[in-house]
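Please find below a colleague's note on the model under review.

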Amino acid sequence: MNTHSQSASGIDRDRIIIFDTTLRDGEQSPGATLNVDEKLTIARQLARLGVDVIEAGFAYASPGDFEAVQKVAETVGTADGPVICSLARAIKADIEAAAEALKPAAKGRIHTFISTSDIHLQYQLKKSRAEVLAIAEEMVAYAKSFMEDVEFSPMDAARSEPEFLYQVLERAIAAGATTVNIPDTVGYMMPSEFGNLIRGIAENVPNIDRAIISVHGHNDLGVAVANFLEAIKNGARQLECTINGIGERAGNTALEELVMALHVRRQYFNAFLGRPAESEEPLTGIDTRQLYKTSRLVSNLTGMLVQPNKAIVGANAFAHESGIHQDGVLKHKLTYEIMDAQSIGFTDNQIVLGKHSGRNAFRTRLKELGFDLGDQELNKAFVRFKELADKKKEVSDWDLEAIVNDEIQQVPELFKLEHVQVSCGDHARPTATVTIRTPDGEELTDAAIGTGPVDAVYKAINRVVEIPNQFGGVLSAVGDSGNRRDRRGDDSPEI
Ligand SMILES: [Zn+2]
């Protein structure tokens, strides 16, 4: 169905490839750990959204990661579905694990990486440039022996010496890399610098026409989306991003922001992609009407809330509070709205179900929200729904999300709160005493003073369970991937 121009190598240069790494890089956000079922639910929705590539995990990192990549490959990696990708260091065992996990996918991709900056070479890898060149070439070729589709990332590309970077990329492409990905791992670059870096690669790597240039970035300085848009103008054709921009530190580049910038301003970008200026054809394969639903799903399953003023998917992104704006919007939508809420599938928290709604309506609505439950989970959720409908009469989509998340996010109950006592008053320091039963059945009691009664309770709980920080401690102690960093180690950072 592609009618666009293609280069001699058969690579389509006038569309943007969306590579989603929510399940790999996004899942590395502190507290965002997902179990295999949750990853599958998200992967299915990413396929509905129309992403081109799903990076499902880092197969070698842990048995949990391996299983997740394999299950996503099996279920979502159909012939008409997205390419399924696994990350792998430039090490044989990593590449073998990735290849094995990806076997069930109709279209698989191994994404291998090695550092190319002098600072990483000297202190982390303890290897010379010549050694890194040889490893990159050898490991890309090794990955190629398992599958046709191989992506190579020179980690810390932004701080690498350009001449050396060009050399590494040339050798990786010669060895079979079909995508070369340029990461700004530490989120340091400014848009024009990043654009120049990409332009340098497009102009100086002799065999670059045989590969797609991809970009990967982090939002430490708030310019990740701007960097990627600049990269497109200079030759990048694949964007690595996550839903809601989740990811380590300030997060990855947000998929929904990139996609809507390219959608709303497609005529601005047409020229850079070699299209006629007035072309209305979409620049990505994304079904933008699935964006809001996907955002809600990822937020629900990771427990990472979306700030209300977040671009595109924040609760206020389409709310026009001020009287003047409301008047303008009523008279003509385009007065103050550059895009239509419908275009991202924002449905105003529609009330769709009530106490007389049956099981089928319930299941259908859940499917529309991106939840595909097994029979047992559906039964439990339906009972909860009926209870709520009796009390509330009208049940909103957000209520349904809350119900389903309770049912499918099965966090094992490790600690049980047995007893709480709080005392406070106008001249008293808020003090709480709590008794908690541990997973071994032991009862522990402690007390703490806080800035208010609730704070005192949390502090007392923290004292009992010895959580160093109250936001991440418990969460990271549970779930099936609690030991996921087993094989990764601190000395093998990821891009
Ligand atoms: Zn990253």
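1. Basis. This is a predicted model, in which local features need pLDDT of at least 70 and side-chain atom pairs count only at pLDDT 80 or more, while totals for chains, interfaces and linings use all residues. Residues are numbered from 1 along each chain as its sequence is written.

2. Barrel. Eight strands form a closed barrel in the order β1-β2-β3-β4-β5-β6-β7-β8, with parallel pairing. Neighbouring strands of this sheet are turned by 25 degrees against each other on average, direction ignored. Strands (E, at least two residues) and helices (H or I, at least four) are DSSP runs, numbered from the N terminus; two strands pair if DSSP finds at least two bridges between them. Axes are lines fitted to C-alpha atoms, for helices over the stretch in contact, and angles run from 0 to 180 degrees between N-to-C directions.

3. β4 (residues 108–115) and β5 (residues 150–155) are joined in the parallel sense over six bridges. S115 stands opposite M155 in β5. Helix α2 packs on the sheet, where it touches β2 (53–57), β3 (83–89) and β4, and its direction makes about 150 degrees with that of β2. Contact here requires C-beta atoms, placed from the backbone, within 7 Å.

4. Helix pair. The axes of α1 (residues 36–49) and α2 (residues 63–75) come within 9 Å and cross at roughly 35 degrees. V36, K39, L40 and A43 of α1 meet G64, E67, A68, K71, V72 and T75 of α2. By class, this contact has five nonpolar, two polar and three charged residues.

5. Nonpolar cores. A nonpolar core is a set of buried Ala, Val, Leu, Ile, Met, Phe, Trp, Tyr and Cys residues joined through C-beta atoms within 7 Å. In the largest core, of 105 residues, A43, I54, A56, V72, I84 and L258 touch the most other members. Helix α8 (residues 224–233) supplies the largest share of this core, seven residues. A second, separate core of eleven residues includes L353, F362, L369 and A381.

6. Exposed residue. Q376 lies in helix α14 (residues 375–392). Q376 is exposed because 9 other C-beta atoms lie within 10 Å; a residue is exposed at 12 or fewer such atoms, buried at 20 or more, and partly exposed in between, with C-beta atoms placed from the backbone. The C-alpha atoms of Q376 and E407 are separated by 9.8 Å, and these residues are 31 residues apart along the chain.

How values were computed:
Contact = placed C-beta atoms within 7 Å. Nonpolar A, V, L, I, M, F, W, Y, C, P; charged D, E, K, R; others polar.
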